[in-house]
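Please walk me through this structure, starting from a single residue and moving on to the strands and the helix.

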Amino acid sequence: VPQSAMNALDPVRTLLAQFAATARAHEWAGNIRDRAAELFEQVGLAPVWLERYPHQLSGGMRQRAVIALALLFDPPLLVADEPTTGLDVIVQAEIIELLQRLRAERGLSLLMVSHDLGVVSQLCRRIAVMYSGRIVEEGTTAAVLATPRHPYAMALRLAVSDLADPLRPSISIRGTPPGPDAVPQGCAFVPRCPFALERCRTESPRLIHDGDRAVACHRTGEAELLRTLAADPELWDAT
């Protein structure tokens with residue numbers, strides 16, 4: 001399920017024609033009209049929309065159509081890249097509920113790519129936090145969001161408002177991630193990290209597994225202290 005359903009669909013072909021083209025490309029010889037109609041009903045779309053063009057559908061309907069297309073060959077794994085981007089909150093909730101239902105009904109594994117921690121917390125049992133192309137922390141979603149151990153994961157969590165603690169200030173991470181041709185010698189997060197040591201500038205930390213968690217940080221043993229310090233927005237503003 002690629003990001004931006006409108007751009008993922010061919011604007012000059014009906015949705016049925018796009019199902020047929022995908023079937024031909026994979027040498028699938030079944031009745032594509034019946035199969036597409038079945039999948040449309042499973043994702044909450046009336047089969048009549050198969051005769052329409054992408055621009056004739058709303059954003060949420062296009063996203064449902066793309067999900068149906070991804071399920072054409074009954075895959076065991078569904079990869080969803082930012083499937084709720086550009087949708088209003090009500091439609092986002094509908095797409096999340098749809099993915100949850102399809103996963104339960106079909107026994108699907110779901111690999112979700114997203115910047116939205118709220119969506120991730122609802123859909124994913126495990127989370128891998130990535131920075132500059134590398135996993136910097138991995139574990140169960142509940143554990144990583146509750147007690148992040150990598151400074152970048154801490155910052156991501158603190159950048160999101162907490163309804164349970166409305167007076168807690170949100171932080172912002174100054175700067176931008178390095179480009180693929182300009183990754184620092186040590187830890188890639190060093191230029192934006194308020195906890196960086198000299199060692200961090202010269203030695204890239206390995207992803208170390210500790211039980212059900214894995215973290216790539218030289219200061220993992222100080223995670224509890226760093227979480228307390230990280231809650232101060234001025235610390236990040238001064239970095």
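Val79 has its place in strand S1, where strands (E, at least two residues) and helices (H or I, at least four) are DSSP runs numbered from the N terminus. Val79 counts as partly exposed because its relative accessibility is 38%, the class between buried (under 20%) and exposed (over 50%), with a 1.4 Å probe and protein chains only. The model is predicted, so that local features need pLDDT of at least 70 and side-chain atom pairs count only at pLDDT 80 or more, while totals for chains, interfaces and linings use all residues. Residues are numbered from 1 along each chain as its sequence is written, and side-chain values use heavy atoms, with hydrogens and water left out.

Together with Leu77, Leu111 and Val113, Val79 forms a nonpolar patch on the surface, with about 320 Å² of accessible area in total. Strand S1 (77-81) and strand S2 (109-113) are the elements that give two or more residues to this patch.

Elsewhere, 4 strands form an open antiparallel sheet in the order S3-S4-S6-S5, two strands being paired if DSSP finds at least two bridges between them. Its edge strands, S3 (126-131) and S5 (208-210), each pair on one side only. S3 and strand S4 (residues 134-140) pair in the antiparallel sense over 6 bridges, and Val129 stands opposite Glu137 in S4.

Helix H8 (residues 151-158) lies across S3 and S4, and runs at about 110° to S3; the axes behind this angle are lines fitted to C-alpha atoms, for helices over the stretch in contact (heavy atoms within 4.5 Å), and angles run from 0 to 180 degrees between N-to-C directions.

Notes: Patches are made of residues with over 30% relative accessible area and no salt bridge: like charges are joined within 9 Å, nonpolar side chains (Val, Leu, Ile, Met, Phe, Trp, Tyr) within 5 Å. Accessible areas come from the Shrake-Rupley method with a 1.4 Å probe; for residues, only the protein chains shown count as cover. A salt bridge is a side-chain nitrogen of Lys or Arg within 4 Å of a carboxyl oxygen of Asp or Glu.
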